[in-house]
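This report describes selected local features of one protein model. Please look at the sequence and the structure before reading on.

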Amino acid sequence: MGRLRQLAGLVTLIGSSFLAVRLYKRFSVGNILALRIQTLGGGIGSMYHLCEGGTGPAVEKLTAVDFGDANPPRDVKNYFYSIENPREYLMDGDDAVVVERGPYPLKKFSIRHDVAFAASTLTEAEQPNSNGAVEYDVANAYVVLDQDTALTTNLERSMADLSLDWSGTATELASHPLLEKTMPAHLAMSDEIANLSPSFLSALGALNDEFNLILSLSCTAEQIANIELAGTNTVAGDKAQCDASQMNDFAKTDCACCMHDVAYQANVGGAQATFRNCHDFLDEETTAVSTLSLLAQYDGGVAVKEAGEAKYDGSGDNFIQTKFEQTAIYSPLVQTHTVNDVTFGYPSAVIGKIVSAAQLSAAEKAHYDANDSTRGATVDVATAMLTGQMDDMLPFALGDVATYTKKVAAVCFSSCEAVDTSDALYDSPLGWTCSGNAPGRYETDNPDEIVLGGIDCMPYSSTFATVMQCSAIDTHLSSNSNDPEYSACVCADGSNDWAAEGCCLAAGMLDGEDLTGNGCLFEVEGALGVTNYAGTASGSTSVNIGAALESYITNEPSSKSSRFTCPATGAPSLPEHDLFNRFEIHQGQSSYELYYATGNPRIQQDDKSAVTNSSSIYSLAASSGFELTYVPPKGLDMNSPSNTISSGTARLVPHPIYVESGKVAVDFFNDKDWGYAVQRAKTCGTSECVLAARMSSMDSSFVRSEATDAMGRGLPYDGLQPIGHGDGPSDSGRPVYFHQPLYLNGDAELLSQQNNTHVDSATASGNGIQIYRPIAEESDPGTFTVGDANPNYSLVQESTWTTDNGDLRSYFDIEPATGIVARSRMRFGKSYSIWECDPETNANCNRAAAAAAGGGESTSVDCYQTLAGTTGLTYSCSAGNVLTPKVVGGKIMPHHWYEEFTKGATPEEIDALHPIIQKRHTSIRWWMAYICCYFAISTTALAAFAATACFESRDADTVIETPVTKAGE
């Protein structure tokens with residue numbers, strides 16, 4: 001009888017277990033799996049996929065143009081750094097005293113347009129979905145929040161084909177009818193910022209250093225290289241001095257531009273009778289130095305020499321005035337510009353003229369090689385160069401400076417004025433000047449004028465002066481038509497504007513001076529990196545955001561991006577789900593060459609030419625990071641309150657986010673302490689909220705390790721990512737570094753940079769930096785005075801990183817189960833440094849040598865002593881080796897940082913999670929029922945315990961955890 005009861009009990013136990021397992025699989029496991037697939041950030045059936053192409057809520061959000069919850073505008077704050085003692089820093093070896101200015105707030109309006117779908121390159125599916133990747137272009141418009149601004153729009157989108165239409169009448173922008181002023185009262189877009197000039201650093205990268213730049217205005221690259229062989233014994237291979245007809249002729253490759261000062265002074269073989277001393281090119285009265293200084297003044301450069309100081313040519317004489325009667329010498333290395341110009345861009349007279357003239361012979365050579373060794377007319381080659389047609393052939397891409405100059409004329413010519421004909425300066429460019437600013441972007445509805453809104457018009461002085469120069473030529477040729485020292489002016493834009501307002505010259509000779517490039521203005525990119533067309537006609541009370549975006553789309557070249565949005569179907573653990581929403585192409589490029597590893601800790605002018613091994617090139621693939629809309633989700637878990645879909649804990653792995661401003665991927669991680677108590681936030685729907693996880697930027701993204709040396713991370717100091725080899729208009733790049741604000745948690749040396757051993761200086765320390773910032777953002781800290789107490793400013797130190805960590809670190813909040821980004825606040829910055837010019841590692845730097853016992857400005861410098869000690873020569877401390885020979889190169893100078901806040905998840909997306917939460921909660925209850933049922937049937941002895949466990953578990957599951965979030969978000 002006992003055996004029968006045991007058998008019956010066993011059968012009952014097996015049967016009940018089988019039934020419970022079936023129930024568990026049907027109502028719990030099946031439900032959880034289905035929900036997990038549904039909530040993952042990809043795959044057919046998920047909330048966010050684009051597998052069906054141009055339909056569904058994800059597409060509506062992607063292409064929204066109303067700037068409501070689906071596509072809200074972004075809040076941008078810019079902070080700029082201004083050098084308060086530029087002359088003392090450049091000339092006297094003082095530390096650069098750098099003060100943070102800001103915040104300068106803007107509202108950023110962006111839309112995705114020209115949307116299309118294509119098969120993905122990231123999927124491994126045997127039959128890839130034809131809509132696996134979404135392609136689109138982005139258009140942007142910025143509104144400065146320095147006044148109350150009403151907004152309208154005439155932009156509409158068709159959901160049928162996702163096309164855009166601007167034919168309607170502009171009406172109030174419903175989502176943002178009025179933008180209120182948020183700029184602090186003590187700040188304005190007219191505030192002035194003094195810092196290193198990124199465009200001039202690009203020019204020095206292309207031309208190596210100031211000495212070679214000046215030589216390039218008169219000689220070809222081959223003739224400059226022949227300086228090393230200059231001598232009178234041509235039979236033995238020496239190169240003779242180029243005569244006047246050979247100078248700067250690309251076909252004349254067998255002569256030297258000049259002779260080194262040391263060799264010339266020694267008069268080897270009687271060289272002084274036939275050669276020109278290279279130092280003669282440095283005379284302040286020559287056209288080259290005079291022009292460089294004049295244009296530097298127009299561009300906001302720093303006065304680095306006054307009348308009565310020693311000349312640059314080593315003659316021992318004192319400087320009196322330039323060819324153009326300037327009594328001071330200006331350097332373009334550090335320039336002062338308004339916040340408006342630094343933000344949105346501005347014209348440069350230095351780059352427009354100096355770079356054009358310096359690479360004219362290279363342009364002629366490139367034209368000759370590309371046209372079956374047929375030499376083109378110089379004016380035709382110059383025209384092609386100045387209209388951007390030769391950008392791919394030359395070391396510095398000028399773009400269409402001719403057209404840009406004409407656009408600047410439209411907004412600046414009215415600010416120009418010439419002195420009277422009886423004035424002594426009438427025949428000097430200094431008598432033909434422009435001043436003031438162009439009309440503001442809220443004073444015109446002309447797109448070309450809006451782009452240039454508020455720019456400083458001083459650089460246009462160089463263009464206005466061509467009226468005087470070309471008129472003098474015209475007058476002279478009318479009575480001396482065959483004079484070889486004169487030739488008629490030709491405007492590169494095909495006009496005859498030289499006679500009235502001036503133009504960018506492709507030809508012209510005045511008393512033997514070649515005017516090619518005179519009057520040309522180069523467009524310097526602003527910190528935003530994009531063109532802004534948001535403006536309005538004078539007297540209007542509103543800005544038409546739709547019209548601004550239409551102008552952007554019409555005038556700016558297409559640069560499409562592509563993202564992976566439809567992984568292959570299957571189990572949620574498929575690796576492809578971890579790639580969901582990664583870029584495949586970003587702004588037309590699948591990868592960016594950011595860094596060339598040469599073994600040098602700092603970026604050098606010749607790095608690209610020195611690297612021959614492709615493995616030494618850090619090329620960042622666009623797919624290295626995610627776009628800040630969705631990131632890889634964690635999926636459902638069992639450990640969360642009943643009112644939310646997850647515990648607020650993200651996957652404990654780094655999440656790489658693609659940061660557009662640096663073209664790099666930065667890792668983000670879920671904040672936690674050693675007890676794994678995560679920092680929680682929340683994201684809300686129309687009535688209820690769910691927990692979110694805060695993902696913060698990882699300092700390791702900027703820290704050097706052996707594994708990251710090839711990408712330059714942490715060089716030359718932890719806290720930096722060099723990105724300069726692919727930055728700017730020069731093939732050589734420029735020394736630019738990407739980082740967190742104030743070099744957060746990097747090497748403390750970045751905050752002082754007193755060590756000069758990287759230039760072998762006999763001076764052990766100095767010429768570093770001191771960074772100050774206002775104690776309070778919103779209140780006026782008053783004028784900063786170098787050397788005073790400045791009580792409302794604080795010196796940035798290591799302790800600043802701790803006290804201000806929350807205000808400096810980037811983060812984004814995600815709903816972990818789905819991967820949807822609730823909000824993000826990106827904070828990153830850029831710094832520049834002055835190129836080094838070490839003759840040991842860069843042979844081109846040998847030409848700026850000076851005899852240790854000689855006189856003059858250049859010879860009082862004692863940098864690069866390793867080589868100087870073996871040759872008896874001294875070398876300047878940087879590539880600024882003519883105008884500012886004492887400033888130490890390689891020091892990292894903060895330029896700007898920004899904060900960009902974006903709201904991500906819409907209330908509707910969060911509302912859509914609640915039915916899933918309820919289903920998940922039901923599944924958990926089925927799981928608990930299974931546990932209870934199993935234990936109740938298997939043994940009655942445990943029934944009470946099972947019931948207790950059941951009720952306790954159910955009670956615990958209904959506890960609501962109160963989420964926390966940062967104030968104001």
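How many residues of helix 10 (residues 349-358) are buried? Ten of its ten residues are buried, and helix 10 is thus described as mostly covered. Buried means under 20% relative accessible area, computed with a 1.4 Å probe on protein chains only; helices are DSSP runs of H or I with at least four residues, and strands are runs of E with at least two, numbered from the N terminus.

The model is predicted, with local features requiring pLDDT of at least 70 and side-chain atom pairs pLDDT 80 or more, while totals for chains, interfaces and linings use all residues. Residues are numbered from 1 along each chain as its sequence is written, and side-chain values use heavy atoms, without hydrogens and water.

Among the buried residues of helix 10 are Lys353 and Ser356. At the start of this helix, a side-chain oxygen of Ser348 comes to within 3.5 Å of the backbone nitrogen of Val350.

Val401 belongs to helix 13 (residues 401-412). Because its relative accessibility is 2%, Val401 counts as buried. Beyond its neighbours within four places in sequence, Val401 is in contact (heavy atoms within 4.5 Å) with residues including Leu386 and Phe522.

| Separation of Val401 and Met385 | Value |
|---|---|
| In sequence | 16 residues |
| In space, C-alpha to C-alpha | 8.9 Å |

Notes: Buried means under 20% relative accessible area, exposed over 50%, partly exposed in between (1.4 Å probe, protein chains only). A polar contact is a pair of N or O atoms within 3.5 Å; within protein, one must be able to donate a hydrogen and the other to accept it, and residues adjacent in sequence count only if both atoms are side-chain atoms.
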